[in-house]
Amino acid sequence: MVNPMNLYNEIVSGILSRVPGGKAMYSQLQQGRTASAASASRAVANGGEATSRGLTPSNDGIGAVPFSAIMEYFSNGGEADEFLRQAIESEIELAAVRHDIDPNLIRAVIRAESSYRHDAVSHAGAMGLMQLMPNTAASLGVTNPFDIRQNINGGTEYLRRMLDMFDQDIDLAVAAYNAGQGAVRRHGGIPPFAETQQHVPRVRQFFEEYTLQQYQRATEDSRFSS
């Protein structure tokens with residue numbers, strides 16, 4: 001007789017293997033297999049909305065999403081790319097709370113650094129969504145820069161350090177994140193490097209876009225609820 005769980009594991013691992021970084025995601029999902037019923041109820045939308053809207057990230061991140069929720073998502077026609085997007089969003093929200101940073105700033109940095117490509121590698125060797133350099137990753141305890149959770153948490157922690165170092169000045173913190181804190185100190189501001197000079201306003205633009213979108217959604221929600 002076929003073991004249903006083994007078959008299920010094959011289905012999920014097969015789907016995620018088509019997504020860059022899917023092995024790391026699959027490992028995180030396995031760690032969440034013993035999640036409680038409460039985690040399961042958070043992992044799928046309330047009132048049976050999982051069928052129409054797909055998987056809702058749990059409050060504990062992708063690692064706590066039970067396999068049953070993943071199976072429901074894919075059995076209802078969920079796409080691997082959309083699952084990956086929601087997984088990233090879940091980890092962004094967690095890291096934002098953990099390190100007390102506006103999640104929209106994290107999104108802006110990710111978009112500017114890697115265009116949300118968690119398998120990205122720069123010519124200088126920076127890796128993953130938040131483009132961590134090997135030494136920086138090691139100092140943050142990131143053992144696998146292509147692991148979504150580790151990369152976002154590590155990158156957000158480093159961004160928090162830069163914000164604290166430069167008195168919460170977003171532009172200087174982003175410049176330090178991109179070019180190094182030493183370069184920002186030596187030049188007394190954003191370094192005169194072409195990449196950094198272009199990078200900082202891009203992050204600022206994306207940050208403002210995400211913030212405006214959030215405001216517009218909140219306005220729409222309040223309009224419908226009133």
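Mentor: A polar contact is a pair of N or O atoms within 3.5 Å. Please keep in mind that this is a predicted model.

Trainee: At the start of helix 9, which side-chain oxygen reaches the backbone nitrogen of Arg149?

Mentor: One belonging to Asp147, which comes to within 3.0 Å of that nitrogen.

Trainee: And what follows just after helix 9?

Mentor: Asp167 is found there, with a positive phi of about 55°.

Trainee: How many residues does helix 9 have, and what does it span?

Mentor: Helix 9 has 18 residues and reaches 26 Å from first C-alpha to last, close to the expected 26 Å. Its buried residues include Ile148, Tyr158 and Leu163.

Trainee: How many aromatic pairs does the structure hold?

Mentor: The structure holds one. Tyr158 and Tyr177 form this tilted pair, at 5.5 Å centre to centre with 55° between the planes. The pair links distant parts of the chain, since Tyr158 lies in helix 9 and Tyr177 in helix 10, 19 residues apart.

Trainee: Are those two tyrosines buried or exposed?

Mentor: Both Tyr158 and Tyr177 are buried.

Trainee: Turning to helix 7, why is it described as largely enclosed?

Mentor: Eleven of its twelve residues are buried, so the rest of the structure largely encloses helix 7. Among the buried ones are Pro103, Arg107 and Glu113.

Trainee: Which residue caps the N-terminal end of helix 7?

Mentor: Asp102 does, with a side-chain oxygen 2.8 Å from the backbone nitrogen of Asn104. Following helix 7 is Ser115, whose phi is positive, near 55°.

Trainee: Where does the charged end of Arg111 sit?

Mentor: The charged end of Arg111 sits over the ring of Phe206, 3.8 Å from the ring centre.

Terms used: Residues numbered from 1 in each chain as written. Predicted model: local features only at pLDDT ≥ 70, side-chain atom pairs only at ≥ 80, totals over all residues. Heavy atoms only, no water. Phe/Tyr/Trp six-rings, centres within 6.5 Å; stacked < 30°, edge-to-face > 60°. Helix = DSSP H or I, 4+ residues; strand = E, 2+ residues; numbered from the N terminus. Buried < 20%, exposed > 50% of the residue type's maximum accessible area, 1.4 Å probe, protein only. Lys NZ or Arg CZ within 6 Å of the ring centre and 35° of its normal. Expected span 1.5 Å × (residues − 1). Polar contact = N/O pair within 3.5 Å; in protein donor to acceptor, adjacent residues only side chain to side chain.
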